[in-house]
Amino acid sequence: MLAINGKDAGTPAVQGEPVTLSIDGALVTVPAGTSIMRAAAAAGGAIPKLCATDTLQAFGSCRVCLVEVEGQRGFPASCTTLVAPGMKVKTESEKLRQLRKGVVELYVSDHPLNCKGCPADTHCELQGVAADLGVTTSPYGFDGANHQAAAADDSNPYFQFEPSLCIACSRCVRACDEVQGTFALTIAGRGFESRVVASQDEPLLDSECVSCGACVESCPTATLSEKPLALIGRPERAVTTTCAYCGVGCSFEAEVKGEQVVRMVPSRDGRANRGHACVKGRFAYGYATHADRISTPMIRKQATDPWQPVGWDEAFSYAASEFRRIQARYGRESVGGITSSRCTNEEAFLVQKLVRAALGTNNVDTCARVCHSPTGYGLKHTLGESAGTQAFDSVMKCDVIFVIGANPTDGHPVFASRMKRRLREGAKLIVADPRAIDLVHSPHVHADFHLPLRPGTNVALINSLAHVVVTAGLVNQAYVAERCEPAPFQKWRDFVSQPKNSPEALAEVTGVPAELVRGAARLYATGGNGAIYYGLGVTEHSQGSTMVLGIANLAMATGNIGREGVGVNPLRGQNNVQGSCDMGSFPHELAGYRHVSDAATRSQFDAEWGVQLEAEPGLRIPNMFEAALDGSFKALYVQGEDMAQSDPNTQHVTAALAALECLVVQDLFLNETAKYAHVFFPGSSFLEKDGTFTNAERRISRVRKVMQPLAGLADWEATVGFARALGYAMNYSHPSEIMDEIARLTPTFTGVSYAKLDRLGSIQWPCNDAAPEGTPTMHIGEFVRGKGRFYVTEYVPTSERVNARFPLILTTGRVLTQYNVGAQTRRTANSQWYDEDALEIHPQDAEDRGIGSGDWVGISSRAGETVLRATVTERVQPGVVYTTFHFPDSGANVITTENSDWATNCPEYKVTAVQAVKVQRPSDWQRRFHEQNEQQLGLLRGATSAARSRQ
Ligand code: SF4
Ligand code: SF4
Ligand code: SF4
Ligand code: FES
């Protein structure tokens, strides 16, 4: 904890031997290395301060915090002076008061206390310190040299910089360095000329600033402040909730006035984020009130008909009658549902319950199918649990950080900042990625090894790393003997030792020089605590599951699982990917990853739900599309997922959606999938409902309602209404009751309840009798499955090969400011940083094709073609091109193929053979897309004006 009794203690907590001292006559014991300022806070006092805050190292510039120390001359700053045994400190005296007053009067001469109307009025630290010291004006007058005319920087869309209010305390600079790790700010000039500048004295928007808000959070005055604070005014209440973007799961105080969010303040008590945030969660929440939100249920017979606005009950009964008609005609298995990784645990649980219990089929799947399903498979088989092994805090005990196929600074920015902090403290870094991601070279962080492998060769790389570990005698024999099954280990050891798996033999395949592989393997195996963090660059391959097995093998062989600082950690993309999987969203598993064929598990659910569940797994998403195209699958209920944009081979997906007789889409906006829908249930944003999300570290956190649902019902209530219309009663008055049911039915959630979440703040599952307050580190002492199991991971090249027609490999990823299909972030000012998907291409490949940065490039694959603008960059290696998929009209997934992971069908987004040529106009698909888009928006406009006239 940083704060003491909820108050800023001035300097960070430290660990050390106990030291006892006297502060104002009272004895206090604190760890050695603690500042006098923090010790005084621990003793219940509060020394005035301006440049100090407990999230940053002490700086000692403002001189407001002076104290007297017996036996010492002068008046030391309490924030920079450390405690000593027997020290006697006086924090209050007339002399100290006069000194502090003099300092504050000097500040006030350049920062008059004209507080009325200032956005920071009532929470400005200068205002507070001045009031405590009785300073209302400055004896020095206001006519001397000052900064009152300094020009404001208004360039950032979310926060303003008003330098006339700056007291040059440097908290913003230190926050950018220490908390965020971007080093975008400096104090230029000296003395009176000191001023905060961004990058090379540029406007913030043009600088290296990534708009995380850490500087805003740390600023003691209104110099850096959120724009809505000035526009909307002071908040009236605060609600603790969880970010709805990525799998870091940051906790926020949503500060609200009336029904308007004034700002989202990252919670210092949030265990996933520890007071930090990124540009998405901190600022990009405006989509929740965007004009594109649909607030009325709608129905239509054909996807080319105008939408007809209806009441909720009519929408439920129309959808239910269609599903029942279709089941009567085509059979029970002709329908299914998709749960959302953006919705709450409770909502995902209800959708899969509706499909299994009300529709009587296991045809339910989730968008994790297309991202982390191989994680579930690989970690379950090797370790016994389908989840990451650590808490995020664990990275601070890590000596070697191994990042494989993940780009944390863009995808998981708050965790990346923690990681960078640990790297600045001295941890080593290995990055395996085809691109030189930011972590490879960023301010004060440089990868010790960057393994720039060719897309599609992960398994060859992991085998060559394992080869070095085994053949160089780096296996942790004692760990393996005690904790792993011997026979599979021997089989694996014999396999990876084969000469064909040596780094030299595989260098041709991976493109990574053997000496880099050897160096990285040695570092990981011998460098102390080694932790692997991986992302979709591991899973989204034809051998995604094999690679997860390979990662777990390597971690077990080196003894790097089962304590803090180590582990195997999938970085989850969407906010609730972990949760949607936990909740039984896969067609073969009930909540808690228990197979539907297990009679004992089924009987528990049968008893609770009053049905007889099917024992056969249902259809996966790709199978649903196939079945739709062959005419056996006819109706689908999709909650909060946009398959027409996010799934591979767009033309195949849209053909399947168009073949359905009833498609029910529940979403905030008319997304790409909804353009094929017959029923639209308006969705609710995370601000409009109660529930829980589970982040990448298995942490269950509360989502709390901040405002009423725009369409009248939260998503869980709409699912309840649909189930009732299907004739299956769901009786819940609050999502806490759904969680109680989840806890009754899921062994890893037995001890979870809203009351406990309120008490503890958050809980990492498993949470049960054995671990009543949750489990930060898994597999301590033994693996969940008992003994860890090694698997042989034969490298099988993908069938997606380059040839003369398609000579380049396209790989995909995301950027910091946009999120997934962009439905949310595109409707915020984040588009000022990134407003179209671009194609990164190496200068050599660009030159061969006469392509320059900004040119239109036609990209064709075996699946289709699209056109993107080029960015010529050495971030990608020759032969590899890269793009993102945040904008529907860029059609990135028109090119990706239907190749998928052998075990889970997770699409091979990361490897598509393509050709790139300079072109002058959009592709045919893009022209058709724009026509259909215009047509569908026209059909929607009719419905929204009809809905308005009904009101
Ligand atoms: S918003 Fe973040 S990145 Fe930008 S200057 Fe502030 S701390 Fe640095
Ligand atoms: S902008 Fe704020 S935090 Fe930064 S130096 Fe000025 S007053 Fe301090
Ligand atoms: S890091 Fe992820 S969870 Fe945290 S604020 Fe950013 S998007 Fe939200
Ligand atoms: S708070 Fe100690 S010098 Fe500023």
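Predicted model: local features only at pLDDT ≥ 70, side-chain atom pairs only at ≥ 80, totals over all residues.
**Helices α16 and α17**
- Helix α16 covers residues 503-510 and helix α17 covers residues 514-526; their axes come within 8 Å and cross at roughly 115°.
- The crossing of these two helices is right-handed.
- On the α16 side the contact is made by Pro503, Glu504 and Ala507, which meet Ala514, Val517 and Arg518 of α17.
- Sorted by class, this contact has four nonpolar and two charged residues, with no polar ones.

**Ligand 2**
- Ligand 2 is surrounded by 14 residues, and the closest are Cys166, Cys169, Ser170, Cys172 and Cys219.
- Its shell has 10 nonpolar, three polar and one charged residues.

**Ligand 3**
- Around ligand 3 you will find Cys243, Tyr245, Cys246, Val248, Gly249, Cys250, Phe252, Cys278, Lys280, Gly281, Pro413 and Val414.
- Two or more residues of this shell come from each of α7 (279-283) and α12 (413-424).
- By class, the shell around ligand 3 divides into nine nonpolar, two polar and one charged.

- Strand β33 (residues 856-860) runs antiparallel to strand β34 (residues 865-872), and five bridges join them.
- A hairpin of four residues links β33 to β34, and Gly858 has Val867 in β34 as its bridge partner.
- β33 also runs antiparallel to strand β36 (residues 912-918), here with four bridges.
- In this second pairing, Ile859 stands opposite Ala916 of β36.

Key. Residues numbered from 1 in each chain as written. Chains lettered and ligands numbered in written order. Heavy atoms only, no water. Axes fitted to C-alpha atoms, helices over the stretch in contact; angles between N-to-C directions. Left-handed = near helix turned anticlockwise from the far one by under 90°. Contact = heavy atoms within 4.5 Å. Nonpolar A, V, L, I, M, F, W, Y, C, P; charged D, E, K, R; others polar. Near = heavy atom within 4 Å. Pairing = 2+ DSSP bridges.
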